[in-house]
There are 2 protein chains.
Amino acid sequence: MALENPTLQTPVTTADKVFQRMLHAIVEGHIPAGSKISEPELAKQYQISRSTLREALNRLEKCHLIERKPNIGSKVVECSIEGLLEIYVVRESLEGMACRQAAMYMTDREISEMKDILTQHASMQALKEGTAYYQEEGDLDFHYKVILGSHNQQLINILCGQLYHLVRMYRCQFGMNSPRASKAFEEHSRIIEAIADRDGELAEILMRRHIAASRKNIENKIAEKNSNTH
Amino acid sequence: MALENPTLQTPVTTADKVFQRMLHAIVEGHIPAGSKISEPELAKQYQISRSTLREALNRLEKCHLIERKPNIGSKVVECSIEGLLEIYVVRESLEGMACRQAAMYMTDREISEMKDILTQHASMQALKEGTAYYQEEGDLDFHYKVILGSHNQQLINILCGQLYHLVRMYRCQFGMNSPRASKAFEEHSRIIEAIADRDGELAEILMRRHIAASRKNIENKIAEKNSNTH
DNA sequence: ATTTTTTAAATTGTCGACAATATAGTGGGT
DNA sequence: ACCCACTATATTGTCGACAATTTAAAAAAT
């Protein structure tokens, strides 16, 4: 049931497989954020040559999950509050636009599919047992569908191909994300309504508010924490 | 005077140098859009091994200038009208947000520097001899400064590190871009005013209109061309 | 003549080794 | 004891060769 990133190709080459394994390892923190990557060590660990490992590293770099400096090496990206807020700013603008485009270009079939997904989420939430699921994968499901609905390959690449790996990484590592389950669900419903009405302008505004609310929620938590220590 | 892409590092490794040479070659069309890339042939041409060529190809892929399919090979991206319009949509949202952030976070020094640049452009335009320059590099200068002024690393990476290579490629290959010199200059001035006033909301709106106007200008040209053939 | 099979050539993916650069450790000087 | 220069070690960048896969061409069958 847990939906994967829709832009993830089925791995065909061994470098692909190692890339996906490392992707999960980094997102879930098994390879710690900020840690240096030793090519010889990892190559031995995955039982592959250094060349194919470097191929995998290149793809991780494409997702902005690692950073490489010439003649120095690769490091897993750090997870900072500032970095998280930066991502929310980008998401607000890009997903807002994706939502506007989705209202224009989504097929009726795609819209009804999205409604179905939301209904599923609703029943899970009603049972009060899928809350965690909705917060995690369910929320991603919804956002993925909207992004794909834009039918804009650039938007899809940037959001699903790069940014959302980082989003998942932050969610795993910080844990404290999207603690607004019921509100978020309500907002998702309104967004779908706007898309179904083909009201792109409203859809964009609602999506931007939805993401901005999450960002402000985090900013508040930070402010709280800071005021507690003083 | 012609400003380069601000995120382009000074090349240190040979793969870097080949990457930059190929970058220019693709942007300027010396390596034709849509053409297949033969690794052995290019490696011989640049006098390097296939491994380092592949390293360069990976970076080109990161900029979305080439596309790779496993076991099949690399192709230079095609330049289609639809692709160009997609980029404008992304730019409208991202640069709009960058402009909003710039109004919040640009330093006074950065703002005055940007005013200086615009004054330079103004004198060139008045002399009626720098029109071409302003349309090409001058316009990019301005947009680069705004993007950097957002002080948001994610925005900077996506726009300067990836999207703007494609923008330059389309400008070179289609030629018919930003034919709105005087209007564009006027719009740039208003945007800087809004940033200097620290009015993020207005700055975003103006930037979005500025880019949307370019997009509509292109859409109109296409529509014209189509109606002429009928 | 057209389509399918088989075979040969070319291209991409992967490997291990060497060269260039950076890091760590040692010794000498103040 | 501290700082600098030098040496040794380890890591990254680059290379050429081999294996796996795809593409092209040739042969066989209908």
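**Note on the two-chain predicted model**

1. Chain A and chain B bury about 2,600 Å² between them, 55% of it on carbon and sulfur atoms; buried area is the accessible area (1.4 Å probe) that two parts lose on being put together, summed over both. In chain A, the residues that lose the most area to chain B are Lys62(A), Glu86(A) and Gln154(A), which together make up 20% of what that side buries.

2. As to the basis of these values, this is a predicted model, in which local features need pLDDT of at least 70 and side-chain atom pairs count only at pLDDT 80 or more, whereas totals for chains, interfaces and linings use all residues. Side-chain values use heavy atoms, with hydrogens and water left out; residues are numbered from 1 along each chain as its sequence is written, and chains are lettered from A and ligands numbered from 1 in the order in which they are written.

3. The interface brings 32 residues of chain A into contact with 31 residues of chain B, contact meaning heavy atoms within 4.5 Å. Between the two chains, 11 residue pairs are in polar contact, both residues being at pLDDT 80 or more. A polar contact is a pair of N or O atoms within 3.5 Å; within protein, one must be able to donate a hydrogen and the other to accept it, and residues adjacent in sequence count only if both atoms are side-chain atoms.

4. On the side of chain A that touches chain B, at least two residues each are supplied by helix H3 (50-62), helix H4 (81-105), helix H7 (153-174) and helix H9 (200-229) of chain A. Helices (H or I, at least four residues) and strands (E, at least two) are DSSP runs, numbered from the N terminus. H4(A) gives the largest share of that side, 10 residues. By class, the residues of the side of chain A that touches chain B comprise 11 nonpolar, 11 polar and 10 charged. Here Ala, Val, Leu, Ile, Met, Phe, Trp, Tyr, Cys and Pro count as nonpolar, Asp, Glu, Lys and Arg as charged, and the others, Gly among them, as polar.

5. The rule finds 8 salt bridges across the interface of chain A and chain B, a salt bridge being a side-chain nitrogen of Lys or Arg within 4 Å of a carboxyl oxygen of Asp or Glu. The side chains of Arg54(A) and Glu55(B) form a salt bridge at 3.7 Å, N to O.

6. Over all chains, the structure holds 36 salt bridges. Glu92(A) and Arg208(A) form a salt bridge through their side chains at 3.4 Å, N to O. This pair links distant parts of the chain, with Glu92(A) in helix H4 of chain A and Arg208(A) in helix H9 of chain A, 116 residues apart.

7. The same surface serves both copies, since 97% of the contact residues of chain A recur in chain B.

8. In chain A, 3 strands form an open antiparallel sheet in the order S1-S3-S2. Its edge strands are strand S1 (36-37) and S2 of chain A, each pairing on one side only. Two strands pair if DSSP finds at least two bridges between them. S1(A) and S3(A) run antiparallel and are joined by 2 bridges, with Lys36(A) opposite Lys75(A) in S3(A).

9. Strand S2 (residues 66-69) and strand S3 (residues 73-76) of chain A pair in the antiparallel sense over 4 bridges, and Arg68(A) stands opposite Ser74(A) in S3(A). The hairpin of S2(A) and S3(A) has 3 residues between the strands, and Asn71(A) in this hairpin takes a positive phi near 65°.
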